[in-house]
Structure formats: C-alpha cells, structure tokens
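Colleague: I have some questions about the labels used for this model. Please set each label against its rule.

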Amino acid sequence: MVFLAKQFEVIINKLWCKGCGLCVGVCPKKVLEISSHVKSEAARQDDCIGCHQCDNICPDFAITVKERG
Ligand code: SF4
Ligand code: SF4
C-alpha cells in the first residue's frame, strides 16, 4: 500500500488582502510571501501542510485553504 501526503491549495483573495504579512509570519512551512504588489501569495504551495494557521490569523478573511483531490 502506498501512502501519499495530502496536498493543499492556498487561495488568496487579492481584493481583500491588505499585505499585512501576518500569514507569512505564522506559516510553519514558509509557504507564503508578500509579492511586489504588496499582496500575499502562495510561493511554495506544494509545501503546505493544511494547518490553517494562515486563514485563522488573517484579519480580512482573505485566505482559503482547500485539500487538493
Ligand atoms: S494575513 Fe490576510 S491580509 Fe494579511 S497579508 Fe496575509 S492574506 Fe493578506
Ligand atoms: S495552511 Fe499552514 S502550512 Fe499551509 S499556507 Fe497556511 S499556515 Fe502555511
């Protein structure tokens, strides 16, 4: 039997993101970065472990983390 690690999709609503960087700081896997447009972006989405710390901390509800199927 083969066990595959779950994969996650991190979706940033760029209209709502204000670039505060809280999500970047809280992510244990360093998935997120602030782009040159001062918005959060999932630069290393494949490293996401789906812990939901980023969407929980975002004051603007701009992040959705979904399991990739
Ligand atoms: S915490 Fe929310 S508002 Fe702040 S940078 Fe991250 S996505 Fe944007
Ligand atoms: S769910 Fe966790 S690992 Fe994935 S981007 Fe958010 S804080 Fe990082």
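**Cavities, ligands and one cysteine**

Modeller: Start with ligand 1. Around ligand 1 there are 13 residues, and Cys17, Cys20, Gly21, Cys23 and Cys58 come nearest. Keep in mind that this is a predicted model.

Colleague: What makes a residue one of the 13 around ligand 1?

Modeller: A heavy atom within 4 Å is required. Cys17 and Gly21 are among the residues of that shell.

Colleague: Which space does ligand 1 take?

Modeller: Ligand 1 takes the second largest cavity. The rule asks for more than half of the atoms of a molecule within 2 Å of the grid points, so ligand 1 is assigned to that cavity. The volume there is about 80 Å³.

Colleague: What lines the second largest cavity?

Modeller: The lining has 13 residues. Nearest its centre lie Cys17, Cys20, Cys23, Cys58 and Ile63. By class, the lining holds 8 nonpolar, 3 polar and 2 charged residues.

Colleague: How is the shell around ligand 1 divided by class?

Modeller: That shell has 8 nonpolar, 3 polar and 2 charged residues. Cys counts as nonpolar and Gly as polar.

Colleague: How many cavities reach 30 Å³ or more?

Modeller: The count is 2. The largest cavity holds about 90 Å³ of space. Its lining has 14 residues, with Cys27, Val31, Cys48, Cys51 and Cys54 closest to the centre. The classes in this lining are 10 nonpolar, 3 polar and 1 charged.

Colleague: Where does ligand 2 sit?

Modeller: Ligand 2 sits in the largest cavity. Its surroundings include Val10, Pro28, Ile49, His52 and Val65. Cys27, Cys48, Cys51 and Cys54 are also among the residues around ligand 2.

Colleague: Why is cysteine 51 called partly exposed?

Modeller: Its relative accessible area is 33%. Buried means under 20% and exposed means over 50%. The value of 33% lies in between, so cysteine 51 is partly exposed.

Colleague: Where in the fold is cysteine 51?

Modeller: Cysteine 51 is in the loop between strand E3 (40-42) and helix H2 (53-57). Valine 38 is 13 residues from cysteine 51 in sequence. In space, the two are 24 Å apart, C-alpha to C-alpha.

Key:
Residues are numbered from 1 along each chain as its sequence is written. Chains are lettered from A and ligands numbered from 1 in the order in which they are written. This is a predicted model: local features need pLDDT of at least 70, side-chain atom pairs count only at pLDDT 80 or more; totals for chains, interfaces and linings use all residues. Side-chain values use heavy atoms; hydrogens and water are left out. On a 1 Å grid over the protein atoms alone, a cavity is a set of points where a 1.4 Å probe fits but cannot get out, and a pocket is an open set with protein on both sides within 12 Å along at least five of seven lines; lining residues have an atom within 4 Å of a point. Grid points are joined across faces, edges and corners, and a volume is the space filled by probe spheres set on the points. Helices (H or I, at least four residues) and strands (E, at least two) are DSSP runs, numbered from the N terminus. Buried means under 20% relative accessible area, exposed over 50%, partly exposed in between (1.4 Å probe, protein chains only).
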